[in-house]
Amino acid sequence: MTGIIDLLNSDLGKSIISGVSGQTNQPQNKTQDVLAMGLPVLMAAMKRNAATPQGAEGLMTALSGQHDGSILDNIDDLFGGGVDDSVINDGGKILDHVLGAKQQTIESSLGAKTGMDASSVAQILKIAAPLLMGMLGKQTRDQNVNTSGGMEDLLGGLLGGSNGQEQNLLESFLDADGDGSALDDVAGMLLGGDKKQDSLGGLLGGLFGGK
């Protein structure tokens, strides 16, 4: 299965990186860094949400409706005249739903890791979130996913790509303090600090070509 990093390295991914960079007036290399670290965090949070039947059902409903993948059909048009406010507003709602109260902390942590201010990180993620949902919607249709277990498998496969080892390692660090809340730990992991955090930082660097 094609993973999220494969997407960023594809022609479509390069178009997305270029488009988001132009929309936010940020360098392409830093934009790519934010997406390379931020999108797996979003997907990992979605995977945790989809672990419950209710969460999976809600995600599948969204993916079969507004986020069915059609946004990916006209990337050039999407960025050609500037991203429509409705797309950015939709991205904000997605981030709020997926990350909740941890959103600002995670954006600040991503900014510190990539050398970008948190407000610019937030703008990048707001534009990228509907595109990520569109990719999930397309994958859901292509693979005929219609169960909560299938949704978890889909998200896990996209996180790990063809190599499940990376996914297993990423999952093992998501709840570093063992309190059952993955998002409590994401920001600290991105910034590094202790052995667990350093290990994740190395994993992220290895997966995403980090600095």
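Helices (H or I, at least four residues) and strands (E, at least two) are DSSP runs, numbered from the N terminus. The structure on display is a predicted model, in which local features need pLDDT of at least 70, side-chain atom pairs count only at pLDDT 80 or more, and totals for chains, interfaces and linings use all residues. Residues are numbered from 1 along each chain as its sequence is written, and side-chain values use heavy atoms, with hydrogens and water left out.

Begin by selecting the whole chain. From the N terminus on, its elements run α-α-α-α-α-α-α-α-α-α-α-α; there are 12 helices and 0 strands. Of the 211 residues, 51% count as buried (under 20% relative accessible area with a 1.4 Å probe, protein chains only; exposed is over 50%, and partly exposed lies in between).

Next, select helix 3, residues 28-49, and find Asp33 within it. Is Asp33 buried or exposed? Asp33 is buried, because its relative accessible area is 14%.

Now select helix 6 (residues 85-99) and helix 7 (residues 103-114), which pack at an angle of about 105° with their axes 9 Å apart. Axes here are lines fitted to C-alpha atoms, for helices over the stretch in contact, and angles run from 0 to 180 degrees between N-to-C directions. Helix 6 is therefore roughly perpendicular to helix 7 (65 to 115 degrees; under 35 is roughly parallel, over 145 roughly antiparallel, and the rest oblique).

Finally, show the side chains of Leu95, Asp96 and Leu99 in helix 6 and of Gln103, Ile106 and Glu107 in helix 7, which make the contact (heavy atoms within 4.5 Å).
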